[in-house]
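Visitor: Could you please walk me through a structure? I would like to ask questions as we go.
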Amino acid sequence: MEINNLQSKARCGDDSAEDRLFRLLRARFLLLAQRKLRDRDDSEEVVQEALKTVFEKHREMEFETSFAAWAHRVLENKILTFLRTRKRHNDRRENFVEGTAVGVQDQPDSALESRLLDCLRKLNRVNRRHARILVYKYQGFTVAEICDRLGLTRTNLYTLLSRARSMLEFCLEKGDLK
Amino acid sequence: MAGCSDKRFEEMLYAYELGLLEEDEERELEIHLLECGSCFEKVRNMSRASDLLRHSPRIREAMLGDSVGPEMRDADKPAVRRPWPKLLPIGLAAAAVLIFLILQPWDIRISPRQEAMASENRLLIMPFRNLADPADSSRLGEIAANLLITDLSESRFVNVVSSQRIHDLKRLEGFEASSPSEPADISTLADRARARWLLLGDILQAVPTLEVTIQVTDATNGTIIASYRLSGGGDEDIFSLVDRISVAVKEALALPMAALEEPDRPVAEVTTYSTEAYRWYLTGIENLNKLYNTEAISDFEKALEYDSTMAMAHYHLAMLKDRAHVDKAVLYSSGTSRRERSFIVALKAVAEQDYQGAIDELTQLTKEYPEEKEAHFRIGRYYLALGQKDEAVKHFEKAVEIDPLYKIVHNQLAYSYLNIGDYEKSLVAINKYIEIAPDEANPYDSRGDICAAAGRLDDAIASYRKALEVKPDFSHSLMSLGFMYLFDKRYEPADSCLKAYTEMVEGSYLKSAGRLYETYVPIHQGKFEAALRLLDAHLAADNRETDVESTYDYQAEKHCLKALIYREQGKYHQVLSETERSMELFRKTHPNDRWAYQYLYVQFLAEAGQYDRATALTAELEAYLESLGQVEKPEYWYADGCIHLARGDYEKAVTSLSQARRNSSRVYTLYMLGRAYLEAGSLDGAVAQFQRLLDSYNSDRAHWSIWAINAHYFLGRAYEESRWYDRAAEQYRLFVDLRKNADTLIALVDDARQRLAKIESQP
């Protein structure tokens, strides 16, 4: 609820609240945009556009549900516009498929990478299928391809994927599997 | 940073990060991520790991190798054994399995004693004896047996006697407290289960590693088919052990080659990965079998503390406590056995009002598992929901044929016979229930309901009092006793019982129900102004409950009662607004249930002269009921009949309301059909309906007491017009007496007095 409160204060002229609101919003917009665009530069560009619109209009808008819902719609529209109008995105996406594009983090976090590898090996020992499913999913195999490879139904795959991802996150946090 | 207060969103994070959410869910979560710092941080952390998983060459090489070519595709298929040459002797196959198993972490030695023909492969698996801990305090023996039953049940080629069936047979043979250990007793059980094979197991050692012996015998002649000794290696757990035993047992039973080619999922994948969760789950099932629902709920909740993805724990909680668990059960249903999945699919269908879908699913299950008594019980319940009582009774009878001691079905049968008008059979069924469970309160409570329905008020009161004697906190009996006192015009004890009920029950939902029942007392006496004040006070109390949402159902009922009172006062503006409020509140918690109150709303619209709107809503109601697969549609016919009645088209009203009556014995149906008959001049029909209404006592009559009491007046009219004056006078007297303390001027009372005076003045 924090950003909704900050927006209310900003609307009443509280500059420090507005500062904090836009810092929070920028970080969160960036995460959502990167997830959809898979490119830091493109994401920065879209987020900048979205923040500009939010900044210009948030004081005068009557929100149907909440400020957060409205802000999200602004970002969503900017992303859609970007995807429709910029060919550059498609070029970069192809690069990702080829595996040559640089990820969100320009410099890989080697400590995290080692921990991740360790956890995947542990997962592989406990349940080979869970580890395989995760790797296939993140290496870009489609749901149909993974189902075909592992002889799973789509529903089974979704369940196993969620379970595997949860086990991996637990391991990354605690250093071992449940 | 504080955690997220909404667990629903927390549970969606992995699916979001994996791109598995539907568009709407994704949008909802993203808005939440803008608002919630805790969830935002979690997703940000996850995204770092995900980026590495996507792009790190080191991880790619380590996990997949340089190639993801066709050789890997073969390796990833579910474990499928190469078919043996058809003439390969079984003994050789068993030896191959022996070598295979010896090479595994579990050291399994199998010594097949005799080849078996697999013409009938029903297998009875007894709970393992825990020789390391004879009290089996950790329930390891039971866990091992249940896991093995679940795992082998997944095979199309092995007919395993279910845990439930074993429980029933043990009960039938008098082994309820413990498992039989004498060979003769075990043999009796195998015989009753019509099992060809018997599997007995001993746990020799639990720590530091598990050690188990298994013996498979031909139950028909006692010959030992195979025996194994398994010792665990490394950190292997009970689940891995069971997986290996399953493979060995399948081999020993000499099943067709196709059995070896079946996908064989690890048993943990169809149950849980947590021994603790499974232990609590089994305890929950045990309590459920004893109808100790409160304890069972607590056990299933504990199981979920250890494994929140355990679908069957969610399933039982959905049945026992909260329908919100249905979606969780569905979400995790891939982690269940075939049989369990059917129950989950059926429950989901029911949650979506698709009773026919639920019936189809469970009917298929009973074809595969003919002794699945619970499936028959559930099918019966779903037929009842569709108004097909005869079909329902067939399935209840089938369930008690499978298990003559199935208490809950005897109870259900008693009510079903009652519903189809067979009072004698109903009493037989309920007496059977009392015979099986003489120390429980519920059988007496049910007998009270049956006596009340048969119009035997004194017997009903005695039965409810007996139930309360057995269990003083049996709230249903307390509530029903309150209603019976109400019908007996003993208003003070009625009020005390119903207030005590409200006090006794727990939770906002039941408290709200109790407050509704308390208002029946002034309404029954015709104290409408007092009742309206009490209803408003109770609605305010409902809104002060912490869980306000759970009070909406009974708030809707309270508004409906207000509508009925305003209708008696001719205030149709308030009648309509109160009914609209009822519909609005009810739909908040039952968005898929659109017919509730709509038939009444149609009736009131028509009575207020708004025929076009009433007709349009009736058409909508019909289409909706048909979309649910309902054939009989009593609510539609009721609404249609009430429109005709309001228009003065009495013959059509009788036709439609008679259709409604075919599948509804509700007070409002009987009352309005009686009214239609009376207006149409069909006095016999009117007498029959009003008499039927006044012949029985139940909670419906308590709720609709305004119309039930008016029924005395209209029955008097029907008798009077039939020139049956003494009976008419009797009904008028009853009516005037019931309304003698009314605080509102009721036109019918004046008319009844005049008619009575006229009859009494006649020589």
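The conversation below turns from chain A to the strands of chain B.

Guide: Please note at the outset that this is a predicted model.

Visitor: How many helices and strands does chain A have?

Guide: Chain A has 9 helices and 0 strands. Read from the N terminus on, its elements run α-α-α-α-α-α-α-α-α.

Visitor: What percentage of chain A is buried?

Guide: Of the 178 residues in chain A, 49% are buried. The chain exposes about 9400 Å², and carbon and sulfur atoms supply 47% of that area.

Visitor: And the contacts in chain A: what share comes from residues 24 or more positions apart?

Guide: Among contacts with a separation of 6 or more, such residues account for 56%.

Visitor: Changing topic, how many bridges join strand 5 of chain B to strand 6?

Guide: There are 8 bridges between strand 5 and strand 6 (residues 211-218) of chain B, and the two strands run antiparallel. A hairpin of 5 residues joins them.

Visitor: Which residue stands opposite Leu200(B) there?

Guide: That residue is Gln215(B), in strand 6 of chain B.

Conventions: Residues are numbered from 1 along each chain as its sequence is written. Chains are lettered from A and ligands numbered from 1 in the order in which they are written. This is a predicted model: local features need pLDDT of at least 70, side-chain atom pairs count only at pLDDT 80 or more; totals for chains, interfaces and linings use all residues. Side-chain values use heavy atoms; hydrogens and water are left out. Helices (H or I, at least four residues) and strands (E, at least two) are DSSP runs, numbered from the N terminus. Buried means under 20% relative accessible area, exposed over 50%, partly exposed in between (1.4 Å probe, protein chains only). Contact means heavy atoms within 4.5 Å. Accessible areas come from the Shrake-Rupley method with a 1.4 Å probe; for residues, only the protein chains shown count as cover. Two strands pair if DSSP finds at least two bridges between them.
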